[in-house]
Amino acid sequence: MSRVRAVYWDPDGSRYGIPTWWWQGAPPGYATRRQLRAAGLRPGRQPVAGQILWPGVGGTRTAYLYRIDLARPRRTATPAQLRAVAAALAARRTCPTCRHIKPYCIPRSLSECVDCAYPSEVAA
């Protein structure tokens with residue numbers, strides 16, 4: 001075991017307070033949030049079961065681990081929630097001046113589409 005790995009080896013949690021492993025050294029049955037999401041799961045209010053530590057730019061990096069057997073299925077959005085998101089995105093693309101729906105989000109710095117904000121440049 002290298003010195004870097006030995007620094008982060010604490011499977012009983014006596015040094016760091018929770019079980020700790022080095023990068024790619026966690027035992028099976030544990031997963032990060034991203035790994036759970038890729039598997040269609042979520043932590044589901046369970047406490048952090050462990051962590052992975054590795055040296056990174058600016059200091060030690062940390063990834064928290066959750067138990068896969070306690071994870072819950074990921075929730076899906078209801079049709080009403082999907083309609084609300086679609087309406088909000090459409091509102092961001094609608095110019096308040098000319099009322100046209102643009103293929104881009106209206107810049108907040110202009111508060112209107114580029115065509116309305118700079119009409120002389122559009123005519124040229």
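1. Two strands are said to pair if DSSP finds at least two bridges between them, and helices (H or I, at least four residues) and strands (E, at least two) are DSSP runs, numbered from the N terminus. With these terms in hand, one can say that the bridge partner of Tyr30 in S5 is Arg67, and that S2 and S5 pair in the antiparallel sense over two bridges.

2. A word on the basis of this note: the model is predicted, so that local features need pLDDT of at least 70 and side-chain atom pairs count only at pLDDT 80 or more, while totals for chains, interfaces and linings use all residues. Residues are numbered from 1 along each chain as its sequence is written, and side-chain values use heavy atoms, with hydrogens and water left out.

3. The chain holds five helices and six strands, and when it is followed from the N terminus its elements run α-β-β-α-β-β-β-β-α-α-α. Four strands form an open sheet with mixed pairing, in the order S1-S4-S5-S2. The edges of this sheet are strand S1 (20-22) and strand S2 (30-31), each of which pairs on one side only.

4. Within the sheet, strand S4 (residues 50-56) and strand S5 (residues 59-67) pair in the antiparallel sense over seven bridges.

5. Which residues does Leu41 contact, once its neighbours within four places in sequence are left aside? Leu41, which is found in strand S3 (residues 41-42), is in contact (heavy atoms within 4.5 Å) with Leu36, Ile68, Ala71, Arg72, Pro73 and Arg74. Leu41 and Ile68 are 27 residues apart along the chain, and their C-alpha atoms are separated by 8.4 Å.

6. Two backbone angles deserve a careful look. Most residues other than glycine have a negative phi. Arg99, although not a glycine, has a positive phi of about 60°, and Ser111, also not a glycine, has a positive phi of about 65°. Arg99 is found in the loop between helix H3 (79-93) and helix H4 (114-117), and Ser111 is likewise found in the loop between H3 and H4. Arg99 is exposed, with a relative accessible area of 59%, where exposed means over 50%, buried means under 20% and partly exposed lies in between (1.4 Å probe, protein chains only).

7. How does the radius of gyration of the chain stand beside that of a compact globule of 124 residues? The chain has 24 Å, whereas such a globule would have a value near 14 Å; the radius is taken over C-alpha atoms, and the globule rule is 2.2 Å times the number of residues to the power 0.38. Along its principal axes, the C-alpha trace spans about 70 × 40 × 20 Å.

8. Of the 124 residues of the chain, 23% count as buried. The chain exposes about 9,200 Å², of which carbon and sulfur atoms supply 55%, and these areas come from the Shrake-Rupley method with a 1.4 Å probe, where for residues only the protein chains shown count as cover. Among contacts between residues at least 6 apart in sequence, 42% join residues at least 24 apart.
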